[in-house]
Amino acid sequence: MIEAVAALCVSGALLAFLASGLGPVPPLGQALDPGTGVWTSAEDAAGVRSETLRLPGLRGPVTVSFSPAGVPTVAAGSDDDLFEALGYTHARFRLTQMDLQRRLGSGRLAELVGPAGVESDKFQLQLGLLRTAEAQWAATPHDSESAVALLAYARGVNAWIGQARAAHRRPALFSLTGVHPADWTPVDSLVVQGVLTENTSFTTGPLALSILQRSLGERRTREWFPVLPPNPQRPYDPGPYEKAVSKPAAAGRAPAVRDDGATAATAATADRTALAWIAAQAGGSAGSQRNSNAWAVNGPLAAGGRAMLAGDPHLPHTLPSYWFQAALRSPGYSVTGFTLPGMPAVLIGRNEHISWTVTNAQTQSTFYYREVTDPHRPGEYYWRGAWRRMERLTYAIPVRGGAPVRLTVDLTVHGPVMTQLGQTMSVYWTGATGSPSLTAILSVARARDFDGFTAALRDWHSPAQNFVYADDAGNIGAVAAGHFPIVASGDPWLPLPGTGAADVTGMVPYEAAPRVYNPPDHMVVSANDRPVGAGYPYYLGPSTGFDPGYRTRRIRDYLGSRRAMTKDDFTALQHDVTDGLAIRIVPRLLDALRDDRLTPAEREARAQLAAWQGAMDPDSGAAAVWWTFWNAYLTAVFQPWWTAGKVPVHLDPGRLAISASQTTLSGSLESWTLRDQDNAAFTPPRGRARTAREVMRAAFHRAIADLSARLGPSPRSWAWGRVHSVSFPSLTGAPGLGYGPLPAGGDPQTVNAAGGDMSSVFGPSMRMVVNWVGESRSDDATAYPGGQSENPGSPWYRNLLAEWLSGRYRPLPVPGAGSSPVTWTLSAGREDG
């Protein structure tokens, strides 16, 4: 999801707070050192042991059996007891992670880290994850399946918190700061769900595009950042499509008063202020990393003629991981896969009949509105023919070591006001409408076929995800589940007028959402490209920030060239580092260099490219040449326009800077290089005419000069892994608790993705393959970076990282099967050590 699922558990700023100390927070890096810090005194540093434990609220005995790698199998006689035991297990291993997530989403980070967390708290309270969670819980019948699960889960978390308090076993972070975790509530779980949703769907895209349009001009911006992908793609739903039906609401005519959006100056000020504010609090570029892979095959493509599924959501790397692997068994559930600490569910995995994984769906979930206000009517805005009073909320933000900070949040019908500088701008975000996602995923875990699977996902609203499916009967499919907003009018990829004329009037009907079942080519592939073709009758949003189709094309080519594939074929594809963009562009570069005068180093680099097959292997010199060239090529083409237009890159480098991470910009340049080498973009403002061939030659010379300066004069000594690395930073930010940097292969375009800059901290967060090979059994494989415990003193902190880096897999645990050398026996009776 996930990008699925879950993006950064806490903001990047939090890592710095904990590592260096700010305000009243002591520097924790040294105290958290795994060899000399407080972790050495933690009881579980010696490893988990068999125990008999008392959990108030249990109806019967529960066993939690651990594999040698630390993966638990929870077996309970009732569903309530299952979720209570899962909550207890999550808390035992991930309480710090869980508390940091709920603090981040609830606007209570400053209570832990002091004044340095105030701005983050202001932003989160403004956006409203806590409001949404509270409203959703209030609207949830407390006898419903999801409510029962949330209440039982909270009992389990609180059982551990109570035991830890009594035994003085609080996690090190809380002992050092003196701020201890409060009891867990169902609202906290819904806040954790909201953090996941925010990190995978909240975006600043319309603000960034508005600023680019103002800097570069409307025509260039629409051409260089088109709504539809600039290159052909292979949608998993090829149509035919159900025709759109929408009923725009009446908007009314705006009054004869000053419209804050009437002048370019006020609009520009609002855009810049809102973008800078949101980007600074949302980790640098909200929603800009949206990667994951998922595919399934059946029939002749699968050995045995049944079905296979693969998934690997791409998320920021952390120790511990976002995920917590577990197998769950009770009267209502028999499911294994990956859970998110803080939530009582398996989000990605399989049951006895079906398997599923997710990728982020290409849609727009965030819309910005320029509200009409009047200085003579303070606190009001004009909407649908009448003046309305803004709803005003006040908060007191607790600050560790200081006085509470008061915050006022204004709300319009569209959502919270994000800025009143220049003009009043509010934001509509689907994540703020609430989503019964837990209800949906619990139903998915019990589904037995595709009909049950799709029926369950009707209740999934946000974040919008592509759910890819395979089952024990040999069927495969995919469905885009979630809210896809319908906007009455206007250009929703830019800020919209707030008068009512451009409001969200509804959602794409679930029956018309992208979907496929048992396609004739026997494969389903979803890798963040567009799931539908250009003829789809609904607006899904711009392709900016999503994959231009490189990974999907590579996956489809691989699957289409094989028959009777096994699990090993799928795991090999998950580690594939072939750059499909390079395969298409390098021949054009070599042709452009054919008559060019080259230095000896340039001739050697050209020879390496000529012999290269596009694999971004860490020991490949050609890979280093390619990547350095492509970035130099992007800069050579676009930087003159950015400079002339004075693009304010500093406001949000993730969305405004020129880089290979700007996937739509890369896609446009690819399209011109292959089909339009005389495009006007190659000629700089007020400069002499240039073609793609000339710019490629200049970029190649620049790339070789840069690599020579960094790696030495001989290309034979160059290697991609010398300039490109991967790291797994600690959740706390303490350097001694992370892992890396290590030389790494891959790039953002490869199936085995490595996102970010030359120091990658973004990529596959886990890997899973499910191979349905018989009537009642499957041949599964999974890999998982890090370990189950957040305690660096635990043997389960990063015990799985070496396997991950070497490409080895383990089987998914089977719920209720096998024996274990370590077992917790949970009951409502007396606790024994």
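1. Basis. The model is predicted, with residues numbered from 1 along each chain as its sequence is written; side-chain values use heavy atoms, leaving out hydrogens and water. Local features need pLDDT of at least 70 and side-chain atom pairs count only at pLDDT 80 or more, while totals for chains, interfaces and linings use all residues.

2. Aromatic pairs. Searching the whole structure gives 40 aromatic pairs. Rings of Phe, Tyr and Trp (its six-membered ring) pair if their centres lie within 6.5 Å; planes under 30 degrees apart are called stacked, over 60 edge-to-face, and the rest tilted. The ring centres of Phe202 and Trp429 are 5.6 Å apart with planes at 80°, so this pair is edge-to-face. The pair links distant parts of the chain, 227 residues apart: Phe202 is in the loop between helix H8 (186-201) and helix H9 (205-216), and Trp429 is in strand S16 (residues 425-429). Helices (H or I, at least four residues) and strands (E, at least two) are DSSP runs, numbered from the N terminus.

3. Buried means under 20% relative accessible area, exposed over 50%, and partly exposed in between (1.4 Å probe, protein chains only). Phe202 counts as buried because its relative accessibility is 0%, and Trp429 is also buried, at 3%.

4. Tyr382 and Trp387 make an edge-to-face aromatic pair, 5.3 Å centre to centre and with 75° between the planes. Tyr382 is buried at 8% relative accessibility, whereas Trp387 is partly exposed at 22%. Elsewhere, one aromatic cluster includes Trp224, Phe225, Trp626, Trp672 and Phe682.

5. Charges over rings. A charge sits over a ring if NZ of Lys or CZ of Arg is within 6 Å of the ring centre and within 35 degrees of the ring normal. Arg562 lies over the face of Tyr558, 3.7 Å from the ring centre. Arg767 is placed over the face of Trp804, at 4.1 Å from the ring centre.

6. The sheet. Four strands make an open sheet of mixed pairing, in the order S15-S16-S10-S20. Two strands pair if DSSP finds at least two bridges between them. Strand S15 (417-419) and strand S20 (496-497) are at the edges with a single partner strand each, so one side of each has no neighbour in the sheet. Strand S10 (residues 366-370) and S16 run antiparallel and are joined by five bridges; Tyr369 stands opposite Ser426 in S16.

7. The helix across the sheet. Helix H11 (residues 264-281) lies across S10, S15 and S16, and runs at about 100° to S15. Contact means heavy atoms within 4.5 Å. Axes are lines fitted to C-alpha atoms, for helices over the stretch in contact, with angles from 0 to 180 degrees between N-to-C directions.

8. Backbone exceptions. Most residues other than glycine have a negative phi, and most peptide bonds are trans. The bond from Leu319 to Pro320 is cis, with omega near 0°; Pro320 is in the loop between strand S5 (307-316) and strand S6 (324-329). Ser462 and Pro463 are also joined by a cis peptide bond. Arg384, not a glycine, has a positive phi of about 50° and is partly exposed at 30% relative accessibility. His522 has a positive phi near 65° and is partly exposed at 27%.
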